[in-house]
Amino acid sequence: MFKDIEAERGEALPKGFRQHYHANLEAAFDTDLCAIPGIEEILSILPHERSVASNSDLERLHHSLKTTGIDRHFKRERIFSSEMVESPKPAPDLYLHILKHVGADPHSTLVIEDSATGVTAARLA
């Protein structure tokens, strides 16, 4: 995201901008982040193993899952970040990585997404 902003502006972001951004984002997550409405109920009734596929970095991802309280629905080794693959969503890389890692068949895998980018990645995988 920062590279895209810098490219659009034609110049580097001000010194300290990234640190300021991350500090403010984490503070906002601590007070305002909530799970997608209904996801807690869905996760509670799904009988199958489940994974997380996120374009967030792992540290932020774990923080987000804990903050929303849905971390209890996922084994730590089944939480995946785009940091683990070459190209983030909407590329299929992350989903293909997960399918291979957990040995799942893409034709019998359910994906629950919260963005069009994620849906595109899932469909491509």
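1. Gly16 comes out partly exposed, at a relative accessible area of 33% (buried is under 20%, exposed over 50%, partly exposed in between, with a 1.4 Å probe and protein chains only). You'll find Gly16 in the loop between helix H1 (2–9) and H2; helices here are DSSP runs of H or I with at least four residues, numbered from the N terminus. From the C-alpha of Gly16 to that of Leu110, 94 residues along the chain, the separation is 41 Å.

2. A word on provenance: this is a predicted model, where local features need pLDDT of at least 70 and side-chain atom pairs count only at pLDDT 80 or more, while totals for chains, interfaces and linings use all residues. Numbering runs from 1 along each chain as its sequence is written, and side-chain values use heavy atoms, leaving out hydrogens and water.

3. On to the helix pair. H2 (residues 17–32) packs with H4 (residues 58–68) at about 20°, their axes 9 Å apart; axes are lines fitted to C-alpha atoms over the stretch in contact, and angles run from 0 to 180 degrees between N-to-C directions. The two are therefore roughly parallel (angles under 35 degrees).

4. At that contact (heavy atoms within 4.5 Å), Leu25, Glu26, Phe29 and Asp30 of H2 meet Arg60, His63, Ser64 and Thr67 of H4.

5. Beyond neighbours within four places in sequence, Ile70 touches Ala35, Ile39, Glu40, Leu43 and Leu65.

How values were computed: Parallel < 35°, antiparallel > 145°, perpendicular 65-115°, else oblique.
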